[in-house]
Amino acid sequence: MNFKKFIKAAVCCMMAAALAVMAGCGGSEKKAEAPKKVLKVGMECAYAPYNWSQTNADGGAVKIAGSSEYAYGYDVIIAKKLADSMGAELEVHKIEWDGLPPAVVSGKIDAAIAGMSITSKRKETVDFTKPYYYANVVALVKKGTPQAEAKSVADLKGSVATSQLNTIWYDQIDQIPDVKKLPAIDTVPGMIVALKSGKCNLIVTDIPTAKAAAFANPELAMIQFPEDKGFKTSREDVEIGIAVKKGNKELLDAMNKVLGGMTEADFNKIMDEAIQKQPLAK
């Protein structure tokens with residue numbers, strides 16, 4: 001091989017080696033993965049069977065942001081379905097009932113999934129999805145009391161009653177003749193304590209809350225009256241929705257797409273499962 005051919009061959013070899021190295025480097029590079037979307041959801045985590053807190057992840061519970069506890073219940077099950085449909089990671093925030101709408105408005109959370117009735121007043125500050133549950137209003141009483149024998153709201157005359165603060169249930173108490181209406185109570189557990197201790201002899205609430213309380217406390221009973229003898233409610237009183245920030249159409253549409261594919265029977269089945277899994281039921 002003459003000198004020119006040798007130089008030419010050497011250059012070719014060097015170029016081939018360089019290309020191989022470049023190819024090898026390019027092959028080892030990984031494209032940066034886009035951060036996974038996060039769906040921030042707020043709830044009380046103290047409102048069984050809609051939501052509650054527990055010490056572990058049993059049953060599919062989700063870690064509460066900034067806490068060592070986990071959240072589970074009907075709202076968490078629904079929230080997981082919604083997050084999965086969006087390819088997002090669910091992040092649960094524990095927020096007191098009165099703080100939920102402000103948290104949505106401020107953007108601290110993306111949505112409040114917390115057993116919240118779709119009322120005209122609330123729609124002034126937040127937007128709502130389609131209903132994700134229908135909650136009729138009933139009475140929760142102690143067994144063996146005159147209230148437990150009632151066949152209508154009229155039969156509850158003169159009862160000492162209360163309900164949860166800032167709920168439509170508290171307003172329904174006024175339908176009971178000569179009722180002794182106590183101040184509203186912050187939480188559902190607080191309401192149950194008041195009833196069991198004798199501070200009141202009647203709580204006005206919705207079917208899931210009453211069912212869960214009676215399931216966990218054998219001395220309590222849910223009283224559901226015939227439609228013409230029960231509490232008079234409007235459509236907005238019983239429709240439970242998810243609150244999102246006004247104008248967030250993208251999130252609203254994504255959630256409605258999932259909820260629109262579910263039936264009332266689907267909602268009731270999930271709620272019954274949540275009632276049986278609540279901590280006090282064990």
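This is a predicted model: local features need pLDDT of at least 70, side-chain atom pairs count only at pLDDT 80 or more; totals for chains, interfaces and linings use all residues.
**Reading contacts, cores and helices**

Reader: OK, and how many residues does the largest nonpolar core have?

Author: It has 89 residues. Phe231 is among those with the most contacts inside it, along with Tyr50, Tyr74, Ile78, Tyr132, Ile242 and Met255. Helix α2 gives this core its largest share, eight residues.

Reader: Let's stay with α2, then. How do I read two packed helices?

Author: You describe them with two things, the angle between their axes and the distance between the axes. Here, α2 (residues 74–86) packs with α9 (residues 264–277) at about 130 degrees, and their axes are 9 Å apart. That makes α2 and α9 oblique to each other.

Reader: Which residues of α2 and α9 meet?

Author: Here's a handy idea about helices. An α-helix has 3.6 residues a turn, so residues three or four places apart point the same way. Now the case here: α2 brings Tyr74, Ile77, Ile78 and Lys81, while α9 brings Phe267, Ile270, Met271 and Ala274. Sorted by type, the residues of this contact are seven nonpolar, no polar and one charged.

Reader: Is helix α6 enclosed or open?

Author: The test is to look at how many of its residues are buried, meaning under 20% relative accessible area. Helix α6 (residues 207–216) has seven of its 10 residues buried, so it is largely enclosed by the rest of the structure. The buried ones are Ile207, Pro208, Thr209, Ala210, Ala212, Ala213 and Ala216.

Reader: What about loops? Is Ser163 buried or exposed?

Author: Ser163 sits in the loop between β11 (160–162) and α4 (168–172), and it counts as buried because its relative accessibility is 0%. Its side chain reaches the backbone oxygen of Val204 at 2.6 Å. Beyond residues up to four places away in sequence, Ser163 touches Trp169, Tyr170, Ile173, Ala184, Ile185, Met191 and Val204.

Reader: And where does the side chain of Gln164 reach?

Author: To the backbone oxygen of Asp186, at 2.9 Å. Gln164 lies in the loop between β11 and α4 and is buried, with a relative accessible area of 1%. With residues up to four places away in sequence left out, Gln164 touches several residues, including Glu44, Tyr47, Thr187 and Val188.

Reader: Now Gln147: where is it, and is it buried or exposed?

Author: You'll find Gln147 in the loop between β10 (137–142) and β11. Its relative accessible area is 10%, so Gln147 is buried. Leaving out neighbours within four places in sequence, Gln147 is in contact with Val141, Leu156, Ser159, Asn201 and Ile223. Gln147 and Lys157 are 10 residues apart along the chain, and 8.9 Å separates their C-alpha atoms.

Reader: Last one. Is Gly66 buried or exposed?

Author: For exposed, the cut-off is over 50%. Gly66 has a relative accessible area of 91%, so it is exposed. Look for Gly66 in the loop between β4 (62–63) and β5 (70–72).

Reader: How far apart are Gly66 and Val92 in sequence and in space?

Author: In sequence, Gly66 and Val92 are 26 residues apart. In space, it's 9.5 Å from C-alpha to C-alpha.

Note on methods:
Residues are numbered from 1 along each chain as its sequence is written. Side-chain values use heavy atoms; hydrogens and water are left out. Axes are lines fitted to C-alpha atoms, for helices over the stretch in contact, and angles run from 0 to 180 degrees between N-to-C directions. Helices (H or I, at least four residues) and strands (E, at least two) are DSSP runs, numbered from the N terminus. Angles under 35 degrees count as roughly parallel, over 145 as roughly antiparallel, 65 to 115 as roughly perpendicular and the rest as oblique. Contact means heavy atoms within 4.5 Å. Ala, Val, Leu, Ile, Met, Phe, Trp, Tyr, Cys and Pro count as nonpolar, Asp, Glu, Lys and Arg as charged, and the others, Gly among them, as polar. A nonpolar core is a set of buried Ala, Val, Leu, Ile, Met, Phe, Trp, Tyr and Cys residues joined through side-chain atoms within 4.5 Å. Buried means under 20% relative accessible area, exposed over 50%, partly exposed in between (1.4 Å probe, protein chains only). A polar contact is a pair of N or O atoms within 3.5 Å; within protein, one must be able to donate a hydrogen and the other to accept it, and residues adjacent in sequence count only if both atoms are side-chain atoms.
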